[in-house]
Amino acid sequence: MSTEPLLPGAKAAGRRRVGIDEALSAHAGEFGRWQLRHFVLVSAAWALEALHTMVMIFADREPAMACAAAGGAGGGDPCAGAAAGWEWAGGAASSTVAEWGLVCGERYKVGLVQAVFFAGCMIGAGVFGHLSDSFLGRKGSLQVVCVLNAAFGLITALAPNYWAYAALRLLTGFSTGSVGVLAFILATEPIGPSRRGAAGMSTFYFFSGGIAALAGVAALFPRSWRTLYVVTSLPSLAFAAAVVPFVSESPRWYLVRRRADDAMRVVRAIAAANGRTVPDDVALKLDDEDDEEKSVDGSASSGSIVDVFRSRTTRVRLVLSVLINLLSSVVYYGLSLNVVNLKTNLYVSVVANSLAEMPAYLLTALLLDRFGRKPLAIGTMLLAGVFCTAGSLIAGAGIMRVVRMACGVVGIFGVAATYNLLFIYTAELFPTVVRNAALGCTAQAAQMGAIVAPLVVVLGERVPFAVFGASGIVGGLLVFYLPETKNKPLYDTMAGLEEGEKKSLLG
């Protein structure tokens with residue numbers, strides 16, 4: 001197989017040079033057997049992120065207490081614990097709260113661990129977002145974070161005290177925060193433009209499925225939080241060893257790293273698996289490869305977040321994307337955490353919550369290419385905001401409690417759709433060379449929202465709904481200032497994006 005190296009200013013005599021999108025659309029196939037297999041294998045990493053993130057719901061839960069000294073009918077101060085004759089249902093090893101007495105004056109430590117975990121996610125998303133755009137690549141970064149997740153999770157099961165546990169959750173967050181972003185980019189970049197939206201919207205099914213699976217696993221090990229960490233960490237090790245080696249690196253990453261022969265090798269593999277062929281006279285090119293002057297002066301983007309801020313177009317998009325992702329995260333995680341206040345079976349509640357999000361994913365996937373990214377993002381965020389605001393105006397007594405709960409369910413439906421949509425929307429706003437750096441930055445903003453959410457939940461019954469409502473409405477209004485990306489090419493370089501935007505304005 002002969003392919004021409006991608007060199008600055010190189011001209012392919014007698015060969016037709018096309019971008020990745022055109023090569024997929026016209027020759028290799030936009031979503032065939034190769035892309036389906038690749039998409040399923042890579043997107044399974046979302047389930048791993050769900051395990052490492054949501055395990056805190058069960059490991060850090062507060063079990064019921066009974067006073068053995070009074071036959072379970074009451075006794076001394078529950079804050080005194082065993083000294084007053086109180087015992088934990090399921091034993092002291094059932095959760096971190098029970099083992100280390102994180103109740104009463106120490107209860108804040110449960111929220112602290114959660115905040116620390118998401119702080120780690122925020123840091124890791126930026127670090128691995130940059131590494132995956134640079135030398136490590138999408139595939140290499142995904143393998144590294146999965147190995148780190150498994151290692152940190154297994155060591156967490158050995159934590160001797162609360163502070164060691166908190167430090168290990170910080171490290172786990174550092175490696176967990178970028179798993180979803182890396183999997184999303186690697187899974188969707190080899191897919192053609194007309195199918196990329198629907199495929200990207202389907203990745204969250206794996207996350208919700210992972211939450212549902214976690215509830216089942218936690219129900220099997222209710223008496224040991226340490227065992228639960230071991231069981232939820234091993235799948236990451238299996239994924240890194242048995243799945244990642246058999247998936248391909250993104251051809252787009254190869255192309256921006258000036259490895260055109262590797263990029264063409266992947267495109268030809270896609271075509272072969274899809275029962276199609278790529279003509280011998282076709283070669284790949286970057287969006288700005290015909291720009292001789294830019295190639296000569298060597299000012300190509302390095303793939304860092306600094307490059308995003310150099311362009312006014314991407315700078316404005318990034319600021320808006322950060323704010324929108326932060327606000328949607330506050331609403332999503334806030335409403336999700338409110339489920340524990342329903343005082344129902346914890347395992348059933350978590351499963352029900354994860355399943356309730358799936359219709360939102362289906363609806364947005366079906367409507368994405370019909371109405372576009374921008375109208376759907378506006379509509380779903382405003383839907384969540386309006387119903388949360390309505391919930392803040394309803395008193396939680398009698399039948400009105402059910403009505404307020406219904407407002408929360410509709411809010412979760414709306415924000416789950418938004419949260420999913422923002423991944424594909426944000427990815428399409430930035431060129432390949434800085435896409436993961438930009439997504440890493442927006443993921444950091446989302447993690448900041450996740451840190452804020454539990455602090456909002458503790459404000460009472462009605463105030464959280466008011467905060468979530470305001471966040472949803474403001475976020476929906478901010479989307480008005482973003483451009484529509486439906487049926488627009490997925491640009492490879494900053495110069496290609498700028499040129500494409502100029503043509504759109506002139507056209």
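This is a predicted model: local features need pLDDT of at least 70, side-chain atom pairs count only at pLDDT 80 or more; totals for chains, interfaces and linings use all residues.
**Entry 1. Helices α10 and α17**

The axes of α10, residues 204–220, and α17, residues 346–371, cross at roughly 170°. An angle over 145 degrees counts as roughly antiparallel, and α10 and α17 are therefore roughly antiparallel to each other. I also noted that the two axes come within 9 Å. The handedness of this crossing is left-handed.

I then listed the residues that form the contact. From α10 I recorded Phe204, Tyr205, Ser208, Gly209, Ile211, Ala212, Ala215, Ala218 and Ala219. On the side of α17, the partners are Tyr347, Val350, Val351, Ser354, Glu357, Met358, Tyr361 and Leu362.

**Entry 2. Two positions of α17 set against Ala212**

Having noted Ala212 among the α10 residues of the contact, I looked up C-alpha separations from Ala212 to two residues of α17.

Val348 is located in helix α17. Is Val348 buried or exposed? I found a relative accessibility of 55% for Val348, and the cut-off for exposed is over 50%, so Val348 counts as exposed.

Ala352 also has its place in helix α17. For Ala352 and Ala212, which are 140 residues apart along the chain, I recorded a C-alpha separation of 8.2 Å. The relative accessibility of Ala352 is 41%, and Ala352 therefore counts as partly exposed.

**Entry 3. Thr364**

I next turned to Thr364, which is found in helix α17. Its relative accessibility is 2%; buried means under 20%, so Thr364 counts as buried.

What lies 3.0 Å from a polar atom of the side chain of Thr364? I found the backbone oxygen of Tyr361 at that distance. Tyr361 is also one of the α17 residues that meet α10.

Setting aside neighbours within four places in sequence, I listed the contacts of Thr364 as Met201, Leu376, Thr380, Ala417 and Asn420.

**Entry 4. Helix α1**

I looked up which residues of α1, residues 20–28, are buried, and found Ile20, Asp21, Ala23, Leu24, His27 and Ala28. I then asked which elements these buried residues pack against. The helices on that list are α2 (33–43), α9 (193–201), α12 and α13. The strands are β1 (16–18) and β4 (282–284). Gly29 follows α1 and has a positive phi, near 105°.

**Entry 5. Arg258**

I looked up Arg258 for its backbone angle. Although Arg258 is not a glycine, its phi is positive, at about 65°. Where does Arg258 lie? I placed Arg258 in the loop between α12 (251–256) and α13 (260–273). Both of these helices are among the elements against which the buried residues of α1 pack. With a relative accessible area of 36%, Arg258 is partly exposed.

**Entry 6. The chain as a whole**

The secondary structure comprises 22 helices and 4 strands. The chain has 507 residues, of which 54% count as buried. Considering contacts between residues at least 6 apart in sequence, I recorded that 81% join residues at least 24 apart.

Technical notes: Residues are numbered from 1 along each chain as its sequence is written. Side-chain values use heavy atoms; hydrogens and water are left out. Axes are lines fitted to C-alpha atoms, for helices over the stretch in contact, and angles run from 0 to 180 degrees between N-to-C directions. Angles under 35 degrees count as roughly parallel, over 145 as roughly antiparallel, 65 to 115 as roughly perpendicular and the rest as oblique. A crossing is left-handed if the near helix is turned anticlockwise from the far one by less than a right angle, and right-handed if clockwise. Contact means heavy atoms within 4.5 Å. Buried means under 20% relative accessible area, exposed over 50%, partly exposed in between (1.4 Å probe, protein chains only). A polar contact is a pair of N or O atoms within 3.5 Å; within protein, one must be able to donate a hydrogen and the other to accept it, and residues adjacent in sequence count only if both atoms are side-chain atoms.
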